[in-house]
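Here is a short report to read alongside the sequence and the model.

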Amino acid sequence: MDDSAKRLLQRLVRRIPTQMLRDTLDKWERLTAKQREFVDFTQSKWTITQELLAVCEERELSVKHIAELEMIYVIGNPNQGMWHTFQLVDAEDDAHSLELVQFKEQFKSHLSELKRNVAVKIKKNTDEAIWIRIAWGETFSRPNHLKATYVVHYLQTPYVFVSGLLSKHKPLLLQALTLSTRHQGIKDANLSGQKLTAIRDLLMRQYQHVFPTKYPSPLAERNQSVSNLHIENEQAEASANRHRMAGEAFGNGMLPALQSAVYKLETKFRDLTNETMTERDKPLRCVVKFSSPNILESLRHCASTGIASTPVTPLLSSIPLKGRNYFVITDNAPSASSQMCQTQD
Amino acid sequence: MPDSSLCRPDKWSFQSQNGHEAEKMARTLLLALFEPIWRPVEAHYRRSFLLISPTVPASVSRAGVNQQNLITLLSFGRYIQNMEGSYMSVAKTPHGSVVKRRSKSQIYQQSIRSCFSVASRLGLTPGQTKMRLNTSRKAPKSQNITDKVNPEHLALMIKTEWQLSYVTPLYQFRHTQLKSYGRQLSAFIAAEKQQGLAVEVGGQQNTFKVSFSVLEGLAETNDDPETVLIQVQSKPLFARQDDPQKTVWSGWLSCINSNPDYLRSLSKDFTCLPLFGCKGAEGFTSLVKAWLQMTFDCCFGLLEISQTSLQWLAALWTNCHMESNVQSLKMQWTLPVVPPLHVTYTVSADDALDLWNSVRKNSPEKSKRTDEEECVDIEEVTRFMQGLMSHFYRHFRVDLSAGDLTRVSTALGSAKRSGRIKISNSRYLINTLSLLTEIAFLKMPI
């Protein structure tokens, strides 16, 4: 085992919580049952590392195998780090018939054409997701396995999720992805977050939706003779209405846990009581960030309690509707209407 | 002269048979129970109008704690509250028997404020709530205080986040005895850290060295006592002999631009340094506070920065953009939904200043011409915040006023509702500290 393999293993053991270490090693299948028993998981991380290093040395494992172990851990714990989303556009005719083997081959060959010294590992997960681990090297240096980029893609869908990507590698990766998935272009989908599962569910619409209907509940028969309940009814109706509209905008049940949404506002200040500002030509530049453990749930609660007026503004409902959490807002026409539009950047 | 400790449940002693733990529990329980009661009791006492029969608390202190005694205490508290109520009405009659001794009557005027909460609970409107947060204040002017204040001292104050508390006036505090205070406090800390061992005051074995020093030049008026800096220094456990000591805790007591009437009304024995800021381990904070409480018979309380004060800071800092770049005005609201939603609203400083100027009653140019002192009104601050909030509502249709403004920050500094403040530019240090001094005076129970 060379130095880089040892360093990677050390770092990995430090990163994986002790209680998950055994399962992760079991899944790895590079050590025999006997060797796995040899490692005492009740000891300190340092001792475990030393024992594992000895065992791996014995098995003559290389950095490639240790990278596999890392991949197993990351696939099992996808809600770490920062995930960015890209969207493939203009699919070619044969994009829908693309298969894993073909994709694998093409991706590897395209990437190695673009950049030498790249180590790529592709693995298909049980939920049909293709996980790609890329270790980038420089022209005269070997791939750096300590800072790998992870890419997750579901074949036949337009979305690609990327984590740990340096900006200098971005064009290379995007080009390789575009070519090997048989598309003509790729763009930033303006959605990012710590939880890969939440982002994926949001984009793939894997949560409960409510669709607007004209008659939200079965029509009630009009035989209620009680008249003094009108006030109560009115309140209840308004409240029920708010709940319904909140659900329509954000969905019902559990919502994907998206942690933040950012709006860059470049719109004019308009207020009838403040002429000076309303007449000003320049827009008021500001940035608004909503953050919470689950912003969709928070916003739904805002709408149903009345803190946010209903119907929910398109700006907020765009988060689940368009699957984005970064928006730039500018005035449609600077002078005439107060209509706002979202620019695609 | 009755003993002042009788009115302070935290100072009552219990003759307990169950040892130290039981006493501690009883004390905690009592403090929690009587927090709303003993404050007015204390205020009442200081006013020394009504001589509280010293037998009541004394009997409590002599007895063990049982349910019967607690009930006695509770009724005593109510009795005092009722007296408070009846007293208030007496005070409003024009020929009320007001004690003529000046210092006492001034203290009484101030203490009325602390009874405000009691009075409002009793449905009374106090007529003399003189101290309120100012509704108008001078716009902060950039001040180059580097020639007044030692730059080293200044560097200690700025760019650090301080946790603020208020402190009641210190009894028999002398700026001339700082060295001795340092020795006493370091001995106290050493004693607390190694309980059970004998400690020599000023001895060599102290691992903690405490220094008290004066931050000269910060005081604005002649009445302001000079700011005092306290630093706890320690050597790392495995340091060599000649390694320098590291500051592990620091704090300061300050009073800037305070109410001169109040300061003059205090008797000579009291020094008023109502604003306390500290940084460092929690353990040291509580030790230092305990020592100060013990030595100068004062009490501490958390100084929360209210919404209104945060709005003031937002407006005043924005106003500073005319003189020095504040980059952006950043505000955070927390909305009471499940899970809690934080909204961070960052406005570019140029645009914020334009909005601020548009809501001002007198444009700055006008006041420059008339050469008047530029004043900022609370109404202007409110209009400014409403402008920002309505701009937000127009886009998101979310009502920010349903939540709480929890923090405000610009390049000049940041302030959090929990009472944490950071001042990043020494030019506006004095201005910010005087606003905070004012808040501390308001929070102080006497």
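Which residue is the bridge partner of A:Phe290 in S11(B)? The partner is B:Val343, and the sections below put that pair in its setting.

## About the model

This is a predicted model, in which local features need pLDDT of at least 70, side-chain atom pairs count only at pLDDT 80 or more, and totals for chains, interfaces and linings use all residues. Residues are numbered from 1 along each chain as its sequence is written, chains are lettered from A and ligands numbered from 1 in the order in which they are written, and side-chain values use heavy atoms, with hydrogens and water left out.

## Where the chains meet

Let's begin with the interface. Chain A brings 40 residues to the contact and chain B brings 32 residues, where contact means heavy atoms within 4.5 Å. About 3000 Å² is buried between the two chains, and carbon and sulfur atoms give 60% of that area. Buried area here is the accessible area (1.4 Å probe) that two parts lose on being put together, summed over both. On the side of chain B, the residues that lose the most area to chain A are B:Arg394, B:His395 and B:Phe396, together 22% of what that side buries.

Polar links cross this interface too. Between the chains there are 16 residue pairs in polar contact, both residues being at pLDDT 80 or more. A polar contact is a pair of N or O atoms within 3.5 Å; within protein, one must be able to donate a hydrogen and the other to accept it, and residues adjacent in sequence count only if both atoms are side-chain atoms. On the chain B side that touches chain A, strand S11 (341-348), helix H11 (349-359) and helix H13 (378-396) are the elements that give two or more residues. Helices (H or I, at least four residues) and strands (E, at least two) are DSSP runs, numbered from the N terminus.

## A strand pair and salt bridges across the interface

S11(B) pairs with strand S8 (residues 284-291) of chain A in the antiparallel sense, over six bridges. Two strands count as paired if DSSP finds at least two bridges between them.

The interface also holds three salt bridges, each a side-chain nitrogen of Lys or Arg within 4 Å of a carboxyl oxygen of Asp or Glu. B:Asp351 and A:Arg285 form a salt bridge, with their closest N and O atoms 3.1 Å apart.

## The six-stranded sheet of chain A

Chain A has an open sheet of six strands in the order S2-S3-S4-S5-S1-S6, with antiparallel pairing. At its edges are strand S2 (118-124) and strand S6 (183-193), each pairing on one side only. Neighbouring strands are turned by 20° against each other on average, direction ignored.

Strand S3 (residues 129-136) and strand S4 (residues 149-154) of chain A are joined by six bridges, and A:Ile134 has A:Thr149 as its bridge partner in S4(A). S1(A) is joined by five bridges to strand S5 (residues 159-163) and by seven to S6(A). A:His84 is partnered with A:Val162 in S5(A), while A:Leu88 is partnered with A:Ile186 in S6(A). Helix H5 (residues 63-76) of chain A lies across S2, S3 and S4, running at about 135° to S3(A); axes are lines fitted to C-alpha atoms, for helices over the stretch in contact, and angles run from 0 to 180 degrees between N-to-C directions.

## A link within chain A

Over all chains, the structure holds 22 salt bridges. A:Arg182 forms one with A:Asp94, the closest N and O atoms being 3.0 Å apart. A:Arg182 lies in the loop between helix H7 (170-180) and S6 of chain A, and A:Asp94 in the loop between strand S1 (83-91) and helix H6 (100-114), so the pair ties together parts that are 88 residues apart in sequence.

## Backbone details

Most residues other than glycine have a negative phi, and most peptide bonds are trans. A:Thr310 and A:Pro311 are joined by a cis peptide bond, with omega about -5°. The peptide bond from B:Val338 to B:Pro339 is also cis, with omega near -10°. A:Glu29 has a positive phi, near 60°.
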